[in-house]
Amino acid sequence: MGSALALLLGHLDLWTLVIALIGAGFAVRRSPSLARWSEATLLWIAFWVLGVNGLAGFLMHLLLGPFIAAQIGWPDSPFQNEVAYANLTIAILGFSSCWLRRRDYLLAAMVAYGSWIFADGVGHGVSLVATGNWAPSNVGTILYTDLFTPILVAVLLWLSRAERTRLKG
């Protein structure tokens, strides 16, 4: 059981994205279109990736700071709390985007998330190249999801632009 939990928590960034993609597919299965799937995927990403993963990141950085820092290959620091609160902000934006279902709010949440997470991915890459940091939470799935997911979100925002009338605002 311990290894299954480690697999889940160690790659939560990947699992929440996979759940969002699958969930969106089920959500539009009766009336599929690329624009509807894109819009549904954004809402599922808001809930799972921003919300659930953001809340988990908040709790892990706040409660397990020294362990998380070691997993990233960085020294523990009081800045762990700052990262925790940034994750909490993203979680609130994700959950409230699903609740409010307003296009402008969802767009703002995705821009905030995408810009922060993409920069985070670049930071992981720089840490790898500059210092040879091969720690599991520096170059594992987090490196790829931090770079790929914001690009996916930008593409989904563009593809879903025709569906903006389904969301309020």
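Modeller: A pocket here is an open set of points on a 1 Å grid over the protein atoms alone, where a 1.4 Å probe fits, with protein on both sides within 12 Å along at least five of seven lines. Points are joined across faces, edges and corners, and a volume is the space filled by probe spheres set on them.
Modeller: This is a predicted model, where local features need pLDDT of at least 70 and side-chain atom pairs pLDDT 80 or more, while totals for chains, interfaces and linings use all residues. Residues are numbered from 1 along each chain as its sequence is written, and side-chain values use heavy atoms, without hydrogens and water.

Colleague: What volume does the largest pocket have?
Modeller: About 990 Å³.

Colleague: And how many residues line it?
Modeller: The lining has 40 residues, each with an atom within 4 Å of a point. His61, Ile68, Ile72, Ser137 and Ile142 lie nearest the centre.

Colleague: Which helix gives the largest share of the lining?
Modeller: α3, with six residues; helices are DSSP runs of H or I, at least four residues, numbered from the N terminus.

Colleague: Rings now. How many aromatic pairs?
Modeller: Three, counting Phe, Tyr and Trp rings (six-membered ring for Trp) with centres within 6.5 Å; planes under 30 degrees apart are stacked, over 60 edge-to-face, the rest tilted. Phe47 and Trp48 are edge-to-face, 5.3 Å centre to centre with 80° between the planes.

Colleague: Which residues do ring pairs link into a cluster?
Modeller: Phe47, Trp48 and Phe95.

Terms used
Helices (H or I, at least four residues) and strands (E, at least two) are DSSP runs, numbered from the N terminus.
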